[in-house]
Amino acid sequence: MDTRFDFHIHTTYLRCANETMTIPAILAEGARLGVTRLGVTDHLNTLDKMPLHALIRRDLEATEPPMDVYLGVELNYLGRDGAFAFSPEVKETLGVQFAIGGIHATYLDSYDPRALIDVQHRHHLKTCQDPLVDVLVHPYWFSRGEFTRREWPWFDSIRAVPESYARELGQVARETGTAIEINACANLCCPNNPAGYVDEYADYLAAVAAEGCLFSVGSDAHDIRQLAEIQRAWDMVRRLGLGPERLWAPSGKPFRAATRP
Ligand SMILES: [Zn+2]
Ligand SMILES: [Zn+2]
């Protein structure tokens, strides 16, 4: 089984990714990289963004992709201990096959290294327990802007996360069938992280993996040049010794099946 997947990609339509991230460009670059299954997952923070997702769908419908293409969304919590803007009805209206989701802020009023991790961990478990979410995105990614603005010391070592948290996440993910994301741009090649961070992150992922859960790979590309970073996630899969049976992919038919010659 060829598991060169990428199930976390942004587009220009939601204005989070830049103008290079059009559907035709993403598919062409994905083909160049040898991606065999690809998922487009732009943000759905609030429901007023749904018309923009319809533009992604429209452009995908107009393609004959060289790989199986799935349509997804990336969900974000609306506040600390909040909810996702998602429901079975929204999923149906959007016509998406899967959802990835997670926490995108610290939700702290002041710097507290222990609370920083506890809040993330709590939201990780909550995400896994959400039956509408297939993949927990980028564990322990933080917004550099939030830290800089508040003059907090950067989160520069994942060794601060207790191994018991990694284990518990792996257990809950296994029990709920949620995949844990191996995210290239957010966690594996973030320029803000010190040398050695990826080795630490590999140890963290290995502790999660020891519990037997599934993993999803994603570039989280916001610029067409970042799609190539997916290879870092594929390298991590090899490094962790994860076989094809440990890699998640959406169930059911793709939104657009590969056009075979
Ligand atoms: Zn994200
Ligand atoms: Zn993302």
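"Buried" in these legends means under 20% relative accessible area, with exposed over 50% and partly exposed in between (1.4 Å probe, protein chains only). Everything here comes from a predicted model, where local features need pLDDT of at least 70 and side-chain atom pairs count only at pLDDT 80 or more, while totals for chains, interfaces and linings use all residues. Residues are numbered from 1 along each chain as its sequence is written, chains are lettered from A and ligands numbered from 1 in the order written, and side-chain values use heavy atoms, leaving out hydrogens and water.

**View 1. Four protein residues hold the zinc ion (ligand 2).**
His8 and His10 each bring an NE2 atom to this site, Glu74 brings OE, and Asp220 brings OD. These donors (N, O and S atoms within 2.8 Å of the metal, or 3.2 Å for Na, K and Ca; water is not among the atoms, so sites may look incomplete) sit 2.0 to 2.4 Å from the zinc ion (ligand 2). Read along the chain, the spacing is H-x1-H-x63-E-x145-D.

**View 2. The zinc ion (ligand 1) is coordinated by Glu74, His104 and His138.**
At this metal the contacts come from OE of Glu74 and from NE2 of both His104 and His138, at 2.0 to 2.1 Å. The donor residues follow E-x29-H-x33-H in sequence. Again the chain has to be brought together from distant parts: His104 is in the loop between β4 (98-102) and α4 (113-128), and His138, 34 residues apart from it, is in the loop between β5 (135-136) and α5 (144-149). Both His104 and His138 are buried.

**View 3. One glutamate bridges two zinc ions.**
Which residue bridges the zinc ion (ligand 1) and the zinc ion (ligand 2)? That's Glu74, and the two ions lie 3.5 Å apart. Glu74 uses OE toward the zinc ion (ligand 1), and OE is also what Glu74 gives the zinc ion (ligand 2).

**View 4. Seven strands make an open, parallel sheet.**
Walk across the sheet and you meet β1-β2-β3-β4-β5-β6-β7, in that order. At the edges stand β1 and β7 (214-218), each with a single partner strand, so one side of each has no neighbour in the sheet. Strands of a sheet pair through backbone hydrogen bonds, either parallel or antiparallel. The call used here is that two strands pair if DSSP finds at least two bridges between them.

**View 5. β1 runs parallel to strand β2 (residues 37-43).**
Two bridges join β1 to β2. In one of the pairings, Asp6 has Leu38 of β2 as its bridge partner. β2 is largely enclosed by the rest of the structure, because six of its seven residues are buried.

**View 6. Strand β6 (residues 179-183) is mostly covered.**
How many of the five residues of β6 are buried? The count is five of five. In a regular strand the side chains alternate between the two faces of the sheet. On β6, Ala179, Glu181 and Asn183 are buried on one side, and Ile180 and Ile182 are buried on the other, so both faces are covered.

**View 7. β6 is joined to β5 and to β7.**
With β5 there are two bridges, and the strands run parallel. Val135 is the residue whose bridge partner in β6 is Ala179. With β7 there are five bridges, also in a parallel run. Look for Ile182 here, standing opposite Val217 in β7.

**View 8. Leu242 lies in the segment after α9 (230-240).**
This leucine is buried, with a relative accessible area of 9%. Leu242 and Ala206 are 36 residues apart in sequence, and their C-alpha to C-alpha distance in space is 9.7 Å.

Terms used. Helix = DSSP H or I, 4+ residues; strand = E, 2+ residues; numbered from the N terminus.
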